Amino acid sequence: MNTQRILIVEDEPDLSHLLAEYIRQAGFEPHIIANGTEVEAWIKDNAPILVVLDLMLPGKNGLDICKDLRQHNNVPIVITTAKVEEIDRLVGLELGADDYICKPYSPREVVARIKTVLRRIDNTHTPEQNTEAVSIDPDKLQVHITGVTMELTQIELNLFSLLHEEPGKIFSRQHILDNIYHDYRIVSDRTVDSHIKKLRKKLHDALPGSDMIKSIYGVGYKFEPEFGE
């Protein structure tokens, strides 16, 4: 039997049990650990398909767990944290986590993130399908996704191209400002947010239900391809 185990590392019992119930309803088998010192041995013995890892833990903190796991294990990791300022450290350290989510969070959102990460991992086994799913035509200001064509403005095309080049990478607003506004207009973080909003709307209109551009609170944006179930 191929067990779809997901490890929840969280020391708040009410939160961990609520999240476990949502994960169970999504068809996975959740397991909860509250002490950081127990995590690596359990993962070695049970081979979960993904770990939801809180940063603030008794025994051993999530940052150290993530760093140590990445020395010998490629299990997908979704980090959770109540400290928004920690996200900057996570991105800077490049710990190898696959996603980040800030508390307080919706358990339904965490399950959605888990599914997205697992789909992205599965897609690495069929890269030819992934590369053919999206094509960009800079001359016509068009993006083609799974046969659907979107008409974009020049800025929207530049923005999409930047995010699409490295799926899963978090781009700060400042990085976006520095790399897509080549005409040196006076722009701001709000300008980036406005163009992201318009680009998202076009993606949603072309592919209803899609959510390819993710907001990472306090940091920026990233692109995660979603081509349907």
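Me: In E7, which residue is the bridge partner of Ile136?
Reply: Val143 is the bridge partner of Ile136 in E7. This is a predicted model, where local features need pLDDT of at least 70, side-chain atom pairs count only at pLDDT 80 or more, and totals for chains, interfaces and linings use all residues. Residues are numbered from 1 along each chain as its sequence is written, and side-chain values use heavy atoms, with hydrogens and water left out.

Me: How many bridges join E6 and E7, and in which sense do they pair?
Reply: Strand E6 (residues 134–137) and strand E7 (residues 142–145) pair in the antiparallel sense over 4 bridges. Strands are DSSP runs of E, at least two residues, and helices are runs of H or I, at least four, numbered from the N terminus. Two strands pair if DSSP finds at least two bridges between them.

Me: Which residue has a positive phi in that hairpin?
Reply: Leu141, with phi near 55 degrees. The hairpin has 4 residues between the strands.

Me: And what about E7 with E8?
Reply: They run antiparallel, with 4 bridges joining E7 to strand E8 (residues 148–151). Ile145 stands opposite Val148 in E8. This hairpin has 2 residues between its strands, and Thr146 in the turn has a positive phi of about 45 degrees.

Me: Other sheet. What is the strand order with E9, E10 and E11?
Reply: E9-E11-E10, an open sheet of 3 strands with antiparallel pairing. E9 (171–172) and E10 (213–216) each have a single partner strand, so they stand at the edges and one side of each is left without a neighbour in the sheet.

Me: Which residue of E11 stands opposite Ser215?
Reply: Tyr221. E10 and E11 (residues 220–223) pair in the antiparallel sense over 4 bridges.

Me: Which helix lies across those strands?
Reply: H7 (residues 154–165) lies across E9, E10 and E11. H7 runs at about 70 degrees to E11. Axes are lines fitted to C-alpha atoms, for helices over the stretch in contact, and angles run from 0 to 180 degrees between N-to-C directions.

Me: What does the Lys222 side chain make a polar contact with?
Reply: The side chain of Glu224, at 3.1 Å. A polar contact is a pair of N or O atoms within 3.5 Å; within protein, one must be able to donate a hydrogen and the other to accept it, and residues adjacent in sequence count only if both atoms are side-chain atoms. Leaving aside neighbours within four places in sequence, Lys222 is in contact (heavy atoms within 4.5 Å) with residues including Asp98, Asp99 and Ile170.

Me: New topic. How many salt bridges does a search of the whole structure find?
Reply: 15. A salt bridge is a side-chain nitrogen of Lys or Arg within 4 Å of a carboxyl oxygen of Asp or Glu.

Me: Which residue forms one with Glu156?
Reply: Lys202, with the closest N and O atoms 2.7 Å apart. The pair links distant parts of the chain, 46 residues apart: Glu156 in H7, Lys202 in H9 (residues 189–206). Glu156 is buried at 3%, while Lys202 is partly exposed at 29%.

Me: And Arg113, what is its partner?
Reply: Glu109, with the closest N and O atoms 3.1 Å apart.

Methods:
Buried means under 20% relative accessible area, exposed over 50%, partly exposed in between (1.4 Å probe, protein chains only).
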